[in-house]
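Please look through the sequence and the coordinates before reading on. The paragraphs below move from a local strand pairing to the domains, and then to the ligands and some individual residues.

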Amino acid sequence: MATAQRLSAAWPADSRLIDDRRLEIGGVDALALAREFGTPAYVVAEDDLRSRARQYLSAFRTHAPDAEIHFASKANPCTAVLRVFAEEGLGVDVASGGELHVALKAGFEPAKIILHGNAKSEAELRTAIDAGVGYIVIDNFADLERVIALAGDRVQPVLLRVTPDVRGETHDKISTGQADSKFGLSLRDASAAIERAAAAPNLRLDGLHLHIGSQLLELGPWRDAVEAIAPLGDFPVVNLGGGLGVAYTDAEDPPSIEVYAAAKVAAARELLGDHVRIIDEPGRSLVANAGVTLYTVESVKRNVSTWVGVDGGMSDNLRPMLYGARYEAEIADRFGGTTPSRITGKHCESGDVIVAEAQLDEPKPGDVVVTPATGAYGYAMSNNYNGIPRPPVVFVKDGDARVVVRRETFEDLTSRDID
Ligand SMILES: Cc1ncc(COP(=O)(O)O)c(C=O)c1O
Ligand SMILES: N[C@@H](CCCC[NH3+])C(=O)O
């Protein structure tokens, strides 16, 4: 009889190993998914999305019953993913007119949408105001004046994003809380912006917003950030951003959602007061570990390293190229190998390495390789470099699989051409 074994935190909670070797996700055999839907393919365990959303709501609401959780849609702006979170009662954070379009299409009530952006266009602001979004997060003085001008006779609820001058430990490219950040009003400018917003009859300034960075594994900086903005005034609402890190490999040991929520709520309660309604905006930690990517090995070559060439790469996962991000990998039906392997994509760049230090079981062409923790910022940052069509997104649940985004075709690559 087949025996089943659970995997590390990098893998979907709804995945397991059959006979210690073969991956099953959402009750579906990974190799069978590759055969049915082709590779590369993003596979998302739907129940994982739901259970992480529920965990977030219950973790925050245990301490702050009126807390709201908004999914930062940039982490995975797939309509079906957003639809799941809308069904689970989350709100959504959008950072552009495009993300706003997807959020509305996914069925979010406009009042549960928050619009962000350090360089919002007039068109984006007008669309958001007309749609009736719950909050526009004002990022700078130009933004503030534009919202005042565009709101007209309506009263637009807003938050002001403040840069707390607190740096969390993460990659420089995704750190946002430092004084010299492109995001938000400085602590020095915040008071003048608050005065201006509070005096504008067509704005309703409900509170402040902070977001100090992404993939953060320590709790301390969030408390420091709340402490930094506390002297700016007493408001009914605070948005604490998102930023909780995840386990990509055994090297990361992030706080649980419960511990993270307790720490953030405690900081807000202690430093801002019991009356403040808390909003949090997680992206990565809602989706990263719910997803894996399946690839097929096309070539294996040995020189100094063993190079395992797969049929995707930096077009479906830019994170190793952008941040030196590290991932695990396994052969879908032969877990637990010992051949040191460098998994490389098919793009025309030497840096197109998806997993620099994998241990695979004697990889050979035709094998299906799977990388966990690709549910965040993979699909989101996918591209067509080298004319590679973007992969499909496949949801798995209770032994069934369904395509929620189809694979791109070669025709898609030329579909915007004007003859
Ligand atoms: C304004 C804002 N809110 C929320 C998030 C979500 O962050 P994460 O995916 O790290 O949870 C981001 C991205 O880092 C952001 O820029
Ligand atoms: N794209 C980044 C995260 C950006 C965070 C958005 N503010 C990543 O993959 O880690």
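**From a hairpin to the ligand shells**

Strand β2 (residues 15-18) and strand β3 (residues 22-25) run antiparallel and are joined by four bridges. Within this pairing, Arg 16 has Glu 24 in β3 as its bridge partner. The two strands, β2 and β3, form a hairpin with three residues between them, and Asp 19 in the turn has a positive phi of about 50°. This is a predicted model, and the mean pLDDT of its protein chain is 97, with 99% of the residues reaching 70 or more. The scores for the model are ipTM 0.98 and pTM 0.97.

The protein chain is divided into domain 1 (4-45 + 288-414) and domain 2 (47-286), and the C-alpha centres of domain 1 and domain 2 are 31 Å apart. Where the domains meet, 29 residues of domain 1 are in contact with 24 residues of domain 2. On the side of domain 1 that touches domain 2, at least two residues are supplied by each of β5 (41-45), α11 (319-323), β21 (393-397) and β22 (400-405), and the largest share, three residues, comes from β21. By class, the residues on that side of domain 1 divide into 21 nonpolar, four polar and four charged.

The ligands can be considered next. Around ligand 2 lie Lys 74, Ile 174, Ser 214, Gln 215, Arg 319, Tyr 323 and Tyr 377, a shell that has three nonpolar, two polar and two charged residues. Both domains take part in the shell around ligand 2, since at least three of its residues are drawn from each of domain 1 (4-45 + 288-414) and domain 2 (47-286). Ligand 1 is surrounded by 15 residues, the closest being Ala 72, Ser 214, Gly 242, Gly 283 and Arg 284, and the shell around ligand 1 divides into four nonpolar, eight polar and three charged residues.

Is Gly 177 buried or exposed? Gly 177, which lies in the loop between β10 (156-163) and β11 (185-186), counts as buried because it has 27 C-beta neighbours inside 10 Å, where 20 or more are required. Leaving aside neighbours within four places in sequence, the contacts of Gly 177 are Thr 163, Pro 164, Val 166, Arg 167, Gly 168, Ile 212, Gly 213 and Ala 225. Gly 177 and Pro 221 are 44 residues apart in sequence, and their C-alpha atoms are 9.3 Å apart in space. Glu 227, found in helix α8 (residues 220-229), counts as partly exposed because it has 15 C-beta neighbours inside 10 Å. The C-alpha atoms of Glu 227 and Val 94, which are 133 residues apart along the chain, are separated by 26 Å.

Some backbone details in loops remain. Thr 39 and Pro 40 are joined by a cis peptide bond, with omega about -10°, and Pro 40 is found in the loop between α1 (30-37) and β5. Glu 362, in the loop between β19 (353-360) and β20 (368-372), has a phi near 35°, a positive value in a residue other than glycine; with 13 C-beta neighbours inside 10 Å, Glu 362 counts as partly exposed. Asn 386, in the loop between β20 and β21, has a positive phi near 60°, and Asn 386 is partly exposed because 14 other C-beta atoms lie within 10 Å.

Technical notes. Residues numbered from 1 in each chain as written. Chains lettered and ligands numbered in written order. Predicted model: local features only at pLDDT ≥ 70, side-chain atom pairs only at ≥ 80, totals over all residues. Near = placed C-beta within 6 Å. Nonpolar A, V, L, I, M, F, W, Y, C, P; charged D, E, K, R; others polar. Domains from an automatic or database assignment. pLDDT = per-residue confidence, 0-100. Contact = placed C-beta atoms within 7 Å. Buried ≥ 20, exposed ≤ 12 C-beta atoms within 10 Å, placed from the backbone. Pairing = 2+ DSSP bridges.
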